[in-house]
Amino acid sequence: MAIRSTEIRPILASLRKHRIPALLIVLEIALACAVLCNAVFMISQRVSDIQLPSAIDQQGLVTVSLRGTDDKLVGSDIPRNLAALRGIAGVQQAAVTTSLPLSHNNWGWSFGVSPDSAVANRKNINVSLYFLGEGGGKALGLHVLQGRFFNADEFAGSKFDTAALPETHVVVMTRTAASRFWPGQSALGKTIYSKPFYYTVVGVVDDVLRPNVYTQNTSKSYDAIYFPMSAAGSKGAFSYYILRGAPKDRDRIMREAEQKLAELNPGAVAKGKIYMDIRNDYFADMRSMAWMLVLVCAVMLAVTAFGIVGLTSFWVGQRRRQIGIRRAVGATRGQILGYFRTENFLLSTAGVLIGMLLAFGINLYLMQHYEMSRMPWYYLPAGAVTLWLLGQLAVLGPALRAASVPPVEATRSV
Amino acid sequence: MFGYYLELAFRSLRHNKVLTALMVLAIAVGIGASMTTLTVVHLLSGDPIPDKSGVLYFPQVDPQMPADGRHHAPYPEMDYRSAMDLWRAHRADRQSLMTSSMIKLRAPEAQHAPLMLRMLSTTSDFFPMFEVPFQYGHGWSPQDDAQRARVAVISSDLNKKLFAGENSVGRTLRVRDSDVRIVGVLKPWRPTPLFYDPWSQNFSKTEDVFMPFSSSMDVNKGNFQPYTCWDVPKDMRDLQHANCVWVWLWVQLDTPAKVRAYSRFLNDYADQQKDLGRFAVGSKHVRLRDLMTWLEANGMVPADARLQAWLALSFLVICLFNAVGLLLAKFLRRSGEIGVRRALGASRGSIFVQCLIEAGVLGLLGGVFGWLLTLLGLWLVRQQPVQYAPLAHLDLPMFMATFLLALVASLLAGVLPALRASRVAPGLQLKTL
């Protein structure tokens, strides 16, 4: 749209006559622009949290939690239950684990890299512990990047004594955890300590999420380590049975597995869930917040557009006679159209300029008072362009009506 | 006069239906969106026990030894020994120890599969202190605490599930491997947020089983979970002697003097433990916060809720700007009519009142539609899979607030246009007619 100063001057003159409505519409656009930038930024952050990758077979995984079992009998019950679960059609792998990514069921501990690291050492790194029964790596679908996963002897030899950490000396950790313990070095063969316990890294796996994630510091969300654990030595810590199959079978596998475990363990409580539901539940709040923000943005833009439509329609109605005079003295329809579009463009420009400043200020405020990160700069021009386009779109209807005012209007009285 | 102005207002509103609809819509949408959000925020940051929140306090000490330098404030929970010491001292008007754990529960008399539930281990003061309402029976006595009595109070939900809501006092429950007698059944009770448990998700339900702290230690031995430990526990089944925090305490202090005295007592205790070499940090890490301050400090009011409130308010402001702009445009357009009325002898004041009445009518209409939109919004919130969803209902004060907000907002939106409209000089306007 070409704007000539000869067009702008009469527009400014007429806006001066309607100072307060013009100011209000400018402020409305400014506020809408500021809220839009920040809301879209929040939405994008939530969406990226919801999509945090986790290197396990999330689609094919089925879980059944079994609680209230007799700790003394787990050594024979777990192998029997697993054998029964493997008999379900479509089950490729079955194993037991103490916890799952995003299950809220966190078992945290902190380790150091020097032999005198005690659990409360301030330099220690806090990690989430996962204990897996034999076959657990395959059942989850972990990707081994370096080294190896646990062998059968390591599974069989690991047990809980009375302490919280297992009587074993091997551990597998995620790539992120490995680089946090030993930045820039290979973790293989190195040892982590929590006096008097120590564990040597035999393998590194691709990043898997912790049972709870940190939404602001997502790299911390991957500090997880895996221990082997025997059924007999697990002391009732194995609360999840995990089954892997084709995604299309997962609902059926879940129902059959839950039923089977309930039959086999009449005194315990079995509850089946497909893994994707665990993941979706974890992010349910975040998802509904994101949708709410989307809704608010949409309604806000609609209200702003209605405001522009209303005000411009009103101005068009008010100036029918002037428009008629302009048409009578030779203005084309295009010029009338251009007049209202330029007027809106000027109002929008003033609005988005204030709006971008406001958006930046709001972001700074949110960063200080809520856990919010800095908004990338390109959100500001993007928000501005959106409101420009919205303004042009909203003004189009009333402006077209203005353009269709016949020149004869000039001769009519009000 | 008022009736005449009202009639004029309706006539003028009918005159330009599209503009009227836009204004009503702007107010309604602004109010609908902001009231929905504010209702949720109100719910999220509300006082769970308004009668007593002023006298309930949450004491904290820092039992960590040695200090690791990483934390600068005490954990919400304490180790067993500190909590027991403070509880046994009985320095407050009321005091309850607490910890929460998972239990397996069966009811031998009810045909029901075993359940895994949360149990709150607490002491007899819990029920009077938090004004817990009973349907049947009552809480247990201090003697029950002392004698490690195998008694329990159950929630209304559990009573419905196991005993179809009948009076189940005197019946037996099997908790883990022990028989426990029911002495009380609660009425539906759902404090929001669940303030007494520092680790609850905000809108968790209460535990289903409440047992004396002492006897629950026997019944559920080995199944308590520590929040954190600073030494590797020698035996995870024996947290009472481990260097872990997992027990917490609430006290009731009825007068400011008692609050000061209790605060002194806590400081002295912490310093004494430091001198004994059991605490690394003494009174510097002692806290005694009242309930609402504690909720705030513990972050039990989600930051999301606040953000939503800000969003809603700016949304309302946008809608108000919108309404004022349109209203102003509308009133000024009628300057001819106003000129006639002024020339016929209407005072500025009466023009002003007339404009305000018109704005007020718009506000009321906007309020009614806004209220409907709020109901719709809350219905949408209830469809969300979030914990607080079922609690999202419009309460009466909120309902009144909706209308007030509508009226005040529109009158505010009306003042400026009304002021300008009343300044229209009669002669000038009549000339152009």
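Residues are numbered from 1 along each chain as its sequence is written, and chains are lettered from A in the order in which they are written. Because the model is predicted, local features need pLDDT of at least 70 and side-chain atom pairs count only at pLDDT 80 or more, while totals for chains, interfaces and linings use all residues; side-chain values rest on heavy atoms, with hydrogens and water left out.

## Interface of chain B and chain A

Chain B contributes 49 residues to the contact and chain A contributes 52 residues, where contact means heavy atoms within 4.5 Å. The size of an interface is often given as the accessible area lost when the parts come together. Here the buried area is about 4500 Å², and carbon and sulfur atoms give 71% of that area. Buried area is the accessible area, for a 1.4 Å probe, that two parts lose on being put together, summed over both.

Polar contacts across the interface of chain B and chain A number 4 residue pairs, both residues being at pLDDT 80 or more. A polar contact is a pair of N or O atoms within 3.5 Å; within protein, one atom must be able to donate a hydrogen and the other to accept it, and residues adjacent in sequence count only if both atoms are side-chain atoms.

On the side of chain B that touches chain A, the elements giving two or more residues are α2 (17–44), β3 (115–122), α10 (303–333) and α13 (396–422) of chain B. The largest share, 21 residues, comes from α10(B). Helices (H or I, at least four residues) and strands (E, at least two) are DSSP runs numbered from the N terminus. By residue class, this side of chain B divides into 28 nonpolar, 9 polar and 12 charged residues. In this count Ala, Val, Leu, Ile, Met, Phe, Trp, Tyr, Cys and Pro are nonpolar, Asp, Glu, Lys and Arg are charged, and the others, Gly among them, are polar.

## Domains

Domain bounds come from an automatic or database domain assignment. In chain A the assignment gives domain 1 (5–52 + 285–411) and domain 2 (69–267), with C-alpha centres 55 Å apart. In chain B it gives domain 1 (2–45 + 302–432) and domain 2 (56–297), and 50 Å separate the centres of these two domains, taken over C-alpha atoms.

## Salt bridges

Side chains of opposite charge can pair when their charged atoms come close. Over all chains, the search finds 20 salt bridges. Examples are listed below.

| Salt bridge | N to O distance |
|---|---|
| A:Lys72 and A:Asp70 | 3.9 Å |
| A:Arg252 and A:Glu256 | 3.4 Å |
| B:Asp157 and B:Lys205 | 3.7 Å |

For accessibility, buried means under 20% relative accessible area, exposed over 50% and partly exposed in between (1.4 Å probe, protein chains only). A:Lys72 is exposed at 75%, whereas A:Asp70 is partly exposed at 37%.

A:Arg252 and A:Glu256 stand 4 residues apart in helix α7 (residues 250–264) of chain A, so about one helical turn separates them. A:Arg252 is partly exposed at 27%, and A:Glu256 is partly exposed at 31%. Salt bridges with shared partners join A:Lys248, A:Asp249, A:Arg252 and A:Glu256 into one network.

The pair B:Asp157 and B:Lys205 links distant parts of the chain, 48 residues apart: B:Asp157 is in helix α6 (residues 156–163) of chain B, and B:Lys205 is in the loop between β7 (178–186) and β8 (209–212) of chain B. B:Asp157 is partly exposed at 39%, while B:Lys205 is exposed at 52%.

## Two single residues

B:Gln60 belongs to strand β1 (residues 56–60) of chain B and is buried, with 2% relative accessibility. The B:Gln60 side chain reaches the backbone oxygen of B:Tyr75 at 3.3 Å and makes a polar contact with the side chain of B:Arg289 at 3.2 Å. Not counting residues up to four places away in sequence, the residues that B:Gln60 touches include B:Pro74, B:Met78, B:His285 and B:Trp294.

A:Gly397 lies in helix α12 (residues 379–403) of chain A and is partly exposed at 35% relative accessibility. A C-alpha distance of 70 Å separates A:Gly397 from A:Asn265, 132 residues away along the chain.

Definitions and conventions. Salt bridge = Lys/Arg side-chain N within 4 Å of Asp/Glu carboxyl O.
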